[in-house]
Amino acid sequence: MTAAFALAVTVIFAAYNGFLGIYHASLWHGTICVYYIVLILLRGTVVISARRISAQKEQEQARNKTYLIVSVLLLLLNVSLVVPFSLMVRQQKPVSMTLIPAITMAAYTTFRIVMASVHLKKRKTSSDCLVRLLRTINFIDALVAILTLQNTLIMVQSGGGAMNTMLPLTAATSAAVWLAILVLSVLAIVKGIRQLKENNEYEIIQREK
């Protein structure tokens, strides 16, 4: 239920970014919309796979394979964040926005941070690897939302005209957040490989017995 609710909220947020991208001719919001659409597909894949796997005999093996595949796709998706992040840092085309987009972004960012923090704290208590992966995705979602809010606030405050003075700050925050996202993605892959290996070793031992 929580995953379904988070998925619905993210769909609305992605659509809103798409609207801002078209209405304000903002390439930044357009690329973020595409990013969130793919993130929605990955999150939906995990949720649907978890329901299907529960009916299979080899549940643990299937869960580990799904975990690893989605983790690899997540890493590839997060590597592509270099495109919108570079657009935010450079911001060659000034975009003027009202306060409404900033309030909307702030509300979504607050929601994502609170939910991600609560779930990430519970992450290690869950024995289901797919649930842990969903919580990692939620935390990455929150990190991207922070940068989206930062960029929107800059646009609202300066109309895009003061981006040169904000360049050091936006470059530093974008690099730090992107690095954190990549680290989380790589750790998920390492965890997936280890889980799959341990499961294979366990099955070999059981057959020998």
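The side chains of Arg 112 and Asp 141 meet in a salt bridge, with N and O 3.6 Å apart; a salt bridge is a side-chain nitrogen of Lys or Arg within 4 Å of a carboxyl oxygen of Asp or Glu. Because Arg 112 lies in helix H5 and Asp 141 in helix H6, this pair ties together parts that are 29 residues apart in sequence. Helices are DSSP runs (H or I, at least four residues), numbered from the N terminus. Both Arg 112 and Asp 141 are buried, a term that means under 20% relative accessible area, whereas exposed means over 50% and partly exposed lies in between (1.4 Å probe, protein chains only).

The model is predicted: local features need pLDDT of at least 70 and side-chain atom pairs count only at pLDDT 80 or more, while totals for chains, interfaces and linings use all residues. Residues are numbered from 1 along each chain as its sequence is written, and side-chain values use heavy atoms, with hydrogens and water left out.

Side chains of opposite charge can pair when their charged atoms come close. In this model the count comes to 3 salt bridges, listed below.

| Salt bridge | N to O distance |
|---|---|
| Asp 141 and Arg 43 | 3.3 Å |
| Arg 63 and Asp 128 | 2.7 Å |
| Arg 112 and Asp 141 | 3.6 Å |

Asp 141 forms a salt bridge with Arg 43. This pair links distant parts of the chain, with Asp 141 in helix H6 (residues 129–158) and Arg 43 in helix H2 (residues 27–53), 98 residues apart. Asp 141 has a relative accessible area of 0% and is therefore buried; Arg 43, at 1%, also counts as buried. Arg 43, Arg 112 and Asp 141 are linked in a network of salt bridges.

The side chains of Arg 63 and Asp 128 meet in another salt bridge. Here Arg 63 belongs to helix H3 and Asp 128 to the loop between H5 and H6, 65 residues away in the chain. Helix H3 covers residues 59–79. Arg 63 is buried, with a relative accessible area of 12%, and Asp 128 is buried too.

Ile 113 is found in helix H5, which covers residues 99–122. With a relative accessibility of 33%, Ile 113 counts as partly exposed. Leaving aside residues up to four places away in sequence, Ile 113 touches Ala 142 and Ile 146, where contact means heavy atoms within 4.5 Å. The C-alpha atoms of Ile 113 and Ile 146 are separated by 8.6 Å, although the two residues stand 33 residues apart along the chain.

Terms used:
Helix = DSSP H or I, 4+ residues; strand = E, 2+ residues; numbered from the N terminus.
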